[in-house]
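Here are my notes on the model you sent. They begin with a single residue and then go on to the contacts between chains.

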Amino acid sequence: MDAGLFTANNVWMMICTALVFFMHLGFSFLEIGLTRQKNTVNILFKNVFIICVGLLLYYIGGFNLMYPGFEEGDLGILKFAGFGIAAPEGGMTAAYADGGYTWWTDFLFQGMFAATAATIVSGAVAERVKLGGFMLFTIIYVGLIYPIVGAWKWGGGWLDSLGFYDFAGSTLVHSVGGWGALIAIYLLGARIGKFSEDGKPKAIPGHNLPLAAAGVLILWLGWFGFNGGSVLSADPELTSLVLVTTSLAAAAGGVSAFLTSFLAYKNYDLTMFLNGILGGLVAITAGADQMSPNNAVVIGLLAGVIIVGGVALVDRLKLDDPVGAVAVHLICGIWGTLAVGIFGELASFDQFLIQLAGVGAVAAFCPLTAFIILFAIKKFAGIRVTEQEELQGLDIHEHGMDAYADFRMNQH
Amino acid sequence: MDAGLFTANNVWMMICTALVFFMHLGFSFLEIGLTRQKNTVNILFKNVFIICVGLLLYYIGGFNLMYPGFEEGDLGILKFAGFGIAAPEGGMTAAYADGGYTWWTDFLFQGMFAATAATIVSGAVAERVKLGGFMLFTIIYVGLIYPIVGAWKWGGGWLDSLGFYDFAGSTLVHSVGGWGALIAIYLLGARIGKFSEDGKPKAIPGHNLPLAAAGVLILWLGWFGFNGGSVLSADPELTSLVLVTTSLAAAAGGVSAFLTSFLAYKNYDLTMFLNGILGGLVAITAGADQMSPNNAVVIGLLAGVIIVGGVALVDRLKLDDPVGAVAVHLICGIWGTLAVGIFGELASFDQFLIQLAGVGAVAAFCPLTAFIILFAIKKFAGIRVTEQEELQGLDIHEHGMDAYADFRMNQH
Amino acid sequence: MDAGLFTANNVWMMICTALVFFMHLGFSFLEIGLTRQKNTVNILFKNVFIICVGLLLYYIGGFNLMYPGFEEGDLGILKFAGFGIAAPEGGMTAAYADGGYTWWTDFLFQGMFAATAATIVSGAVAERVKLGGFMLFTIIYVGLIYPIVGAWKWGGGWLDSLGFYDFAGSTLVHSVGGWGALIAIYLLGARIGKFSEDGKPKAIPGHNLPLAAAGVLILWLGWFGFNGGSVLSADPELTSLVLVTTSLAAAAGGVSAFLTSFLAYKNYDLTMFLNGILGGLVAITAGADQMSPNNAVVIGLLAGVIIVGGVALVDRLKLDDPVGAVAVHLICGIWGTLAVGIFGELASFDQFLIQLAGVGAVAAFCPLTAFIILFAIKKFAGIRVTEQEELQGLDIHEHGMDAYADFRMNQH
């Protein structure tokens, strides 16, 4: 292959890697912004931990586990190549991936994805999870569960053989994280004060909405890399289409969530607008390269409605999800995955059933494994802080510091 | 064309698109930082609304309206192709734009520009504009006025035929937004407390200067894409020159505004420094590809002086512009447009007159249309919140939430 | 050379330039976050000043001074070409730098580096340095000292002839800044209240940990450009390896510092985690292109331990470094430079001695010149604010404004 094309492709993939890395700041800001100031250091610590440990784990084993080069239908884990990775013969040349990128670009791009699944859980369990238990969960979920599911499709496993399509991970990343989040908040229970005695949910307002909004805009920016890089080259036709479908779905999701919540609650709700944008982004992720821009707008519009309903549903179930992770990542992840069978190039009833099968497989495997891991941690180490720690804040108890030492705070 | 070159060009244009998108976070941070905390959610809501709706409107009609492929001198609006766009035959190949980018890259890059004009207005009207009225104004101004003016030059219309030069939009983006801002603050009136009874302006301090400064640095970063992408390819010679002229003008603008305000007011004024950087950026935008780096430094130095004078002038006129949008975007936009006739490759007296004609045309069309739109909205729906809402803050009244729920605030 | 390859290379270098520029926001956020709110405007002002003035100085003279094209062993300063630069014949073509980038890209990329050295000092002297004195120091240190040392190696001077290796500046950037920081905090003295009467250090908590964490993530992102761009082309093999070694060292540094400080102090210390990431980044910088990923992990792990020890050592020496700049930039810079002789492609005892010689040369030149400059400024203009100014905060005294006007603060 032409050196210019190989180089341009690899440049694009490296930039996309950087953008996906930057999403971690987006997640951090969003989680901080939507929760209380007394748990801010804890959230930052968790997120920084996830990035660093996630990347190291992916280096130690995850990358091999996820892309084992195994035969069709093989389970991946069986061919786990052990600790440490090294570029294979020719891995740094245009021969490696049809000139799309080098082996190390491949590793780093995929490694940045890996941490995302745990970050999604992090937001949902904020303000009452025990740090040690969460770190343990992260290590197992990112180091083992995420690459196993990833191998089913992106590693060339059985879901891939079946014809399942998930372009950049509505299911493989977002639902994997979303299922973990759902099980975790079920096992953890709600924050003190989230539900009144008669079971009515009470809003616990976030303490820094500028950071929450910045988080969403940074995530949108990062999605340029998340979806744009999933083309696995800089092919002008596909990458530019993907950026357009991604952005239009985000915009449509935001507007739709805002309008839906305005009609439902007579309020200009910023957080619903923001979550609508994220819902649109998650939903387009499964088929960003298969959809026309018109399709993308429709998928986004529906995602916005789903977000408003999903947030209400989680409340109704007496689950406490401070950042709306279940509605955004799980429910919209499922919606986006199914949408591949309904809209776009691949749409057909057969494809819809295959998509449903993929959703179902992940819906069986992830909640089960997440439950086993979390239940074991709960049993042996504990996953929830004490009532006193929760009331006074995790920052003081687990970290011995305030996030905003100079500011006077309201007590709650 | 060589596939490597086409791909490298398109990669650059997509990155520039991402950078221009990121400018919206810069604008949001700047507007928040320079205003009071009680209106923060409202500002965030407006900005998120502008991005989403701006992009959708540009998709629905703006792109067609602005680039109609019409005959010379034609008014653009007449050939408005109706709702929805689709890539034309060959639009995704190197044949579309001399190999600079694809049709969808073109749409997204231009779409990110479109929302900017309304964002400029957003800052100026902050803290007292009625949300519904502003949203309506945004829809018309971004969906109709911006593409019409854009078509005059970038769509190949009459200003283009005349020889008017505006590389990346000192006039077509910044002045269009700036005129809207000027008319809007004239019709809105000043914030309560901005002018004492004898007409003296009083500073209403911004509530979050770290975010304001971050906003300006993010905008500077975004300008790498705004100006760098306006080369419409990744041509190494032109793009690298443009980044240098852009950055030097920004640096010179900042230093000059700081020194000017230090001499005038004996104070190290951070906000003046920041607005000087923005003034330099706006001023270089019209001719970033035509100027030598020396020219760029001079244009920036003068922009810094103009900023300090411009802010004082707006105060003198008893207009209330919380973020200095008129001085930055309108006055420096005009300065930069005229500078194309004074410095650089195109400098000549004839060119200066043509530049003046372009400035004049926009100075006739934009204020008039902005006035008509805003006056009609004022008449029928209202553009200003009630005194009570303004005093207590728009966040509580329009959104029912606080931006910083856990923090104790001073009352003002 | 093929136009596609030249264009792709130059695109990469321009993006890296943008990322290095963005590091200035990272530094600003980090410095603000780890200090008290009453000095926030001052820190922002210093950082914005450094960016703008640093770039202008590099344009006026620094670039010529640092890359004089002189004979081997020549001192650089002797061939200082005077004020102003212009692209040489062929400087904008692929002939200039083996097709890696154009002359103007070269200038801007190097110019973004130049300001960094002063920014490092800025963090260390925060909260008590006199603004005028600091600005003067910045001008001399960035305009003269940094390019002279840079010329020794990157300009093809005597350290280069000797075989000294410093890929992206563990010594040439970070230690140069770190030595300046060390001398400055020695001459300045500690902040009031930092050491109790019996000499025990007391923690002065930072006021905004979300911004501090964001700063570190932004710096990590920026390092993609700092190290990735130091390849001086987009060569897929080298650039992708460099991003991997950079990211793994950062992750390993963070985890190692967290674990070390946890073992030492039984505390989940977020700031130590963050500084560990930075220590890993600084340490890998000297040899990011020479190390295997395994090497990078080891270098990072050791950097994390060094950070925890380094911070304690600075405290023991009764030096007051609010952001840990000496431990991060100086000590880890030295560690990384020496590591080139221990690990990776160049490792040998001879190379280790050469690396030591380079470290020693900078350890002789920079502290000496920094001392002379700062001592002279101290003598004739003063470098420290009055006790009253320090207690009440530099924002009010030097800038007449609050960073957070609407928030209620604790007094300290």
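1. S261(B) sits in helix 8 of chain B, which spans residues 236–265. The model is a predicted one, and what follows should be read as computed from it. With a relative accessibility of 0%, S261(B) falls under the 20% cut-off and therefore counts as buried.

2. The side chain of S261(B) comes to 3.2 Å from the backbone oxygen of F258(B). Beyond the neighbours within four places in sequence, S261(B) is in contact with K266(B), N267(B), D269(B), M272(B) and V308(B).

3. How are the copies related? Chain B can be superposed on chain A with an RMSD of 0.0 Å, using a turn of 120° and a shift of 0.0 Å along the axis. The two copies are thus related as by a three-fold rotation axis. The contact between them uses different surfaces of the copies, since 17% of the contact residues of chain B recur in chain A.

4. For chain C laid on chain A, the turn is 120°, the shift along the axis is 0.0 Å and the RMSD is 0.0 Å. Here too the copies use different surfaces: of the contact residues of chain C, 16% recur in chain A.

5. On the contact of chain B with chain A: 53 residues of chain B and 56 residues of chain A take part. Interface size is often quoted as the accessible area lost when the parts come together. Between chain B and chain A, about 4500 Å² is buried, and carbon and sulfur atoms give 79% of that area.

6. Which interactions does the rule count between chain B and chain A? On the side of chain B that touches chain A, the elements giving two or more residues are helix 1 (3–33), helix 2 (40–66), helix 3 (103–124), helix 4 (131–153) and helix 14 (394–399) of chain B. Helix 1 of chain B provides the largest share, with 18 residues. By type, the residues on this side of chain B are 36 nonpolar, 12 polar and five charged.

7. Between chain C and chain A, the rule finds zero salt bridges. It does find 11 residue pairs in polar contact across this interface, both at pLDDT 80 or more.

Terms used. Residues numbered from 1 in each chain as written. Chains lettered and ligands numbered in written order. Predicted model: local features only at pLDDT ≥ 70, side-chain atom pairs only at ≥ 80, totals over all residues. Heavy atoms only, no water. Salt bridge = Lys/Arg side-chain N within 4 Å of Asp/Glu carboxyl O. Polar contact = N/O pair within 3.5 Å; in protein donor to acceptor, adjacent residues only side chain to side chain. Contact = heavy atoms within 4.5 Å. Buried area = accessible area lost by both parts, 1.4 Å probe. Helix = DSSP H or I, 4+ residues; strand = E, 2+ residues; numbered from the N terminus. Nonpolar A, V, L, I, M, F, W, Y, C, P; charged D, E, K, R; others polar. Least-squares fit on C-alpha atoms with pLDDT ≥ 70 in both. Buried < 20%, exposed > 50% of the residue type's maximum accessible area, 1.4 Å probe, protein only.
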